[in-house]
Amino acid sequence: MKAIRIYILLSLFIFYNACEAQKKTDPPREVIFSQGPSGISRTLAQDRNGNIWIASWQGVFRYDGKSFTNVTTDVSSARFFSVLEDRQGHLWFGTIGSGVYYYDGKSFRNFTTKDGLLNNEITCIYEDKAGNVWLGINGGVSRYDGKSFRNFLISGNSIIEDKTGKTIPDFTRPPDEVSTIIEDKAGNLWLGARSNAFVYDGKTFTVLTDKGKPFINVRTIIKDKKGNIWLGGQYGLWRYNGNTYSNVTQNFVGYLLEDKKGNVWTSSQIANQNNWALSRYEEKSLVNDKPTVTEIASEGMIFGILEVNDGSIWYGASNGVHRYDGTTVQDFKVK
């Protein structure tokens, strides 16, 4: 009888451990490369440890200064579009069609419309001062407070909160794709969409206009060290000093960056050409009607721009990722 009890206890012990083993999952496989992505690379960010993260259509790559590692090889085959490191040091990766992935350095968590997202096409990600994560999507924005999503729908010239649980079908590419979000020094949120641009004071979304004319197809909005707001898009590059808007260039502008010296970098389409240019506007000349601008490089298309800790400028393009060290442009393709 005693032997039977021991056998039963042993069997239960083995069964319990087997169940526990089934609950555990191996960490996602990471694949190391000597070169970076060779295709479309949309957004770049540098984390607090100095690693550079690249959201590309071939996955999310991490560059540690020596090699590139694709961290999403076994996670998703989706096209990755946006990346953010939050205040906790965790990472968010936006995709086209598969929602957003949250990465704590060990495991991934995927949020989609099933979890409350308005849409699964995440074109930009921003964390506000309160720690809320805002996701720019097709048709509006979703705000995540750490527990649940709060959704806001673009409807013509207004944005309204949706409490019905409505979702927008994927891959519809409506004109209301939100491509940029920033927070100004007063705590207002600025949103740029393919239709209108909006300012949100925490209660109401207001269409952004200058002399009665709305800013449409705004691709990037940034805040500089002086508190000025810069807008880049269909109508070129604009600066807002808190009172008035000034037009810097009328060429289409896709992405913006202010570097440590106060220079403003743009990626924009070259007039009458299919190529895009990476350009630098000199800080001291930005107060002039015609600021000094230097074209640094040209590619088929140029997307996100990043200044890293050593002062070099990285940018994503249609053919991979590139680095400008102040003298030459380097790509990371196999030679």
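How many aromatic pairs does the structure hold? There are 31 of them, a pair being rings of Phe, Tyr or Trp (its six-membered ring) with centres within 6.5 Å; planes under 30 degrees apart count as stacked, over 60 as edge-to-face and the rest as tilted.

Select Tyr-63 and Trp-314. Their ring centres are 5.4 Å apart and their planes are at 50°, so this pair is tilted. Tyr-63 sits in strand E4 (residues 59-63) and Trp-314 in strand E30 (residues 313-317), so the pair ties together parts 251 residues apart in sequence; strands here are DSSP runs of at least two residues, numbered from the N terminus. Both residues are buried, meaning under 20% relative accessible area with a 1.4 Å probe, protein chains only.

A word on the ground rules: this is a predicted model, where local features need pLDDT of at least 70, side-chain atom pairs count only at pLDDT 80 or more, and totals for chains, interfaces and linings use all residues. Residues are numbered from 1 along each chain as its sequence is written, and side-chain values use heavy atoms, leaving out hydrogens and water.

Next, pick Trp-53, Phe-80, Phe-93, Tyr-101, Tyr-103 and Phe-108: ring pairs link them into a cluster.

Now show Arg-79, which lies over the face of Trp-57 at 4.5 Å from the ring centre. Lys-213 lies over the face of Tyr-235, at 4.6 Å from the ring centre. Such a charge has NZ of Lys or CZ of Arg within 6 Å of the ring centre and within 35 degrees of the ring normal.

Technical notes:
Helix = DSSP H or I, 4+ residues; strand = E, 2+ residues; numbered from the N terminus. Buried < 20%, exposed > 50% of the residue type's maximum accessible area, 1.4 Å probe, protein only.
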